[in-house]
Amino acid sequence: MITQEQIERILRLRGNGLPLVSLYVPVNPGRPDRREFDSRVSSLLTRIRPLAEDASAEHAVRLSLREDIARIEKTLSEEPLRPGTVAVFSCAGQDIYEQVWLPRRTRENIVVDADPYVRPLLGVLDEYYRTCAVVVDKSVGQVWEYYLDEVRELEVIRDRVQRKHAYSDAYAEPRVRNKADELSKKHYRRLVGELKRLFASGGYDLLAVGGQAHEVSVFVDFLPPQLTDRLVGTFTLDRETATPEDIRQKVRELVTDHAEEEQRRLVGEILEAKAAGRPAAVGLDETLWAASVAAIRTLAVDGQAVVPGFVCDRDGLLTRSGKTCPLCGEPVREVPDVIDELAEAAIDDGGEVRHVDTETELRTQQAGALLRFELPPQPTSAQ
């Protein structure tokens, strides 16, 4: 599983004058085909082999790329395959090699640039919220973590339950029921206390609650506002017979629906802010300018869009066209996907990035953002 530390390390990677190779190879679900996978890796690497033999390039650049190609090909040929996508970031001249598995297929791609091509990586991570799922009954609570489409059991909380007497009478039954109710309430309060501790640590975004319908509804009533606000939904299953796969499927449905709704909500908020005259950018050109002046608070980009463009490494200007920077007059650097640079710039400036894959008005606009402040006028040649 990808760790936050690894993500942050990849975002900080730089070639420092040497090319950095970013490679994404999807693997089909079911039984992966080793021969097909190796062939696709070889085909992608063939695209960049001419760069490694380009006599006009510096010797250090050619040497680094040759070593990248050889290492990637060898390492991936020995890598056990699993469904999803393997992503590799390599710059031999800087002793860089990072490899991660993403939980779903992305578009097959290879990019050589000054820094890592991270949009597919960020796009996948956007879809997954770190979710705490609890499966409850009157005496047992199973606490699970769901992240990157995997589940793992964190702990099981068991409490005493009122046992049925071998005999009872009309006077004893109410006392037995009351005792059972009190034990269940004590169990639910203990379970809520553990959930509060987990969420207070800042490790989880969402909460899902499952179990028998009548027990779930009772437990949800015990949740305090700070947990109710994180509740993404409930699901029904039998705790005693449910498998980890059952729980994964149930939680995945809730989280997927939530992610799509959040994407639509964000796009609506951006469009509403723009229409009301509040700080917002709509459209790729305006959003690129917003990133150039570090104005982006929350960025939304169409997950399918790929647009070539240019970057000024001195002033941070992002643009779809131009040969020189209108701010400093220096030559700009051509990049294969300026939306990738846009996402990185927003992150570097402390903003949030969301990739939108659902059908919204952003599909034609390609990008939009909520801003920290009103934008200054764009330089004429940057428009």
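Author: A residue is called buried when its relative accessible area is under 20%, exposed when over 50%, and partly exposed in between (1.4 Å probe, protein chains only). The model is predicted: local features need pLDDT of at least 70 and side-chain atom pairs pLDDT 80 or more, while totals for chains, interfaces and linings use all residues. Residues are numbered from 1 along each chain as its sequence is written, and side-chain values use heavy atoms, without hydrogens and water.

Reader: What makes helix 9 mostly covered?

Author: Seven of the nine residues in helix 9 (284-292) are buried: Leu284, Thr287, Leu288, Trp289, Ala290, Ala291 and Ser292. Each of these therefore falls under the 20% limit. Helices are DSSP runs of H or I with at least four residues, strands runs of E with at least two, numbered from the N terminus.

Reader: Which elements do the buried residues of helix 9 pack against?

Author: They pack against strands 10, 11, 13 and 16 and helices 10 and 11. Ala294, with a positive phi near 55°, follows helix 9.

Reader: Why is a set of residues called a nonpolar core?

Author: Its members are buried Ala, Val, Leu, Ile, Met, Phe, Trp, Tyr or Cys residues joined through side-chain atoms within 4.5 Å. The largest such core has 83 residues, and Leu121, Ile296, Leu299 and Leu342 touch the most other members. A second, separate core of 18 residues includes Val143 and Phe219.

Reader: What does Leu121 touch?

Author: Leaving aside residues up to four places away in sequence, Leu121 is in contact (heavy atoms within 4.5 Å) with Ile2, Ile10, Tyr24, Phe89, Val100 and Leu102.

Reader: How do you know that strand 5 and strand 6 pair?

Author: Pairing requires at least two DSSP bridges between two strands. Strand 5 (131-136) and strand 6 (140-147) have six, in the antiparallel sense, so they qualify. Thr131, for instance, has Tyr146 in strand 6 as its bridge partner. A hairpin of three residues joins the two strands.

Reader: How many residues of strand 6 are buried?

Author: Eight of eight are buried. Val140, Gln142, Trp144 and Tyr146 point one way, and Gly141, Val143, Glu145 and Tyr147 the other.
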